[in-house]
Amino acid sequence: MTSEQIDVDPEGGNLGDVFGRWVGTDRVAFLDVTHGEVDAAVTVTYDEFDERCSRIAGGLKARGLQRGARVGIAALNSVDYAAAYFGI
């Protein structure tokens, strides 16, 4: 595979850097095939993913959780898991 085939970010950086550059675009962040049906895959853009993460973070904060609190995630390996991970 070449970098063109896997669409590598030419500016480099860590995941947070890439995420920050691509929020505000319609670029696809995830192709969720959690339920095994590729034809029914759900695409999630960086904007949509940012919104999911923010909702989770806001919900935890509204419940009184603070930095350093322990939070568990029980989810399938999916975009929802990733959003929970980054939202926490």
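Trainee: In which strand is Thr-45 found?

Mentor: Thr-45 lies in strand E2, residues 42–45. Keep in mind that this is a predicted model.

Trainee: Why does Thr-45 count as buried?

Mentor: Set the value against the cut-off. Buried means under 20% relative accessible area. Thr-45 has 16% relative accessibility, so Thr-45 counts as buried.

Trainee: Which residues does Thr-45 touch, leaving out those up to four places away in sequence?

Mentor: Thr-45 touches Thr-25, Asp-26, Arg-27, Val-28 and Ala-29.

Trainee: What makes Gly-68 exposed?

Mentor: Exposed means over 50% relative accessible area. Gly-68 has 70%, and is therefore exposed. Gly-68 sits in the loop between H3 and H4.

Trainee: How many helices and strands does the protein have, and in what pattern?

Mentor: There are four helices and two strands. Along the sequence they run α-α-β-β-α-α.

Trainee: Why are H2 and H3 called roughly perpendicular?

Mentor: Look at the angle. The axes of H2, residues 15–22, and H3 cross at roughly 115 degrees and come within 9 Å. The range for roughly perpendicular is 65 to 115 degrees. H2 and H3 therefore count as roughly perpendicular to each other. Their crossing is left-handed.

Trainee: Which residues make the contact of H2 and H3?

Mentor: H2 supplies Val-18, Phe-19 and Trp-22, and H3 supplies Tyr-46, Phe-49 and Asp-50. By class, that contact has five nonpolar residues, no polar ones and one charged.

Trainee: Which residues of H3 and H4 meet?

Mentor: From H3 come Phe-49, Arg-52, Cys-53, Ile-56 and Ala-57. From H4 come Val-79, Asp-80, Ala-82, Ala-83, Ala-84, Phe-86 and Gly-87. The contact of H3 with H4 divides into nine nonpolar residues, one polar and two charged.

Trainee: What makes a set of residues a nonpolar core, and which residues form the largest one here?

Mentor: The members must be buried nonpolar residues, joined through side-chain atoms within 4.5 Å. The largest such core has six: Val-44, Phe-49, Cys-53, Val-79, Ala-82 and Ala-83. H3 and H4 are the elements that give two or more residues to this core. H4 gives the largest share, three residues.

Trainee: What does Val-44 touch, not counting residues up to four places away in sequence?

Mentor: Val-44 touches Val-28, Ala-29, Phe-30, Phe-49, Arg-52 and Val-79. Phe-49 and Val-79 are also listed in the core.

Trainee: What share of the protein is buried?

Mentor: Buried residues make up 18% of the 88 residues.

Trainee: And what share of contacts join residues at least 24 apart?

Mentor: That share is 44%, among contacts between residues at least 6 apart in sequence.

Terms used:
Residues numbered from 1 in each chain as written. Predicted model: local features only at pLDDT ≥ 70, side-chain atom pairs only at ≥ 80, totals over all residues. Heavy atoms only, no water. Contact = heavy atoms within 4.5 Å. Nonpolar A, V, L, I, M, F, W, Y, C, P; charged D, E, K, R; others polar. Buried < 20%, exposed > 50% of the residue type's maximum accessible area, 1.4 Å probe, protein only. Axes fitted to C-alpha atoms, helices over the stretch in contact; angles between N-to-C directions. Parallel < 35°, antiparallel > 145°, perpendicular 65-115°, else oblique. Left-handed = near helix turned anticlockwise from the far one by under 90°.
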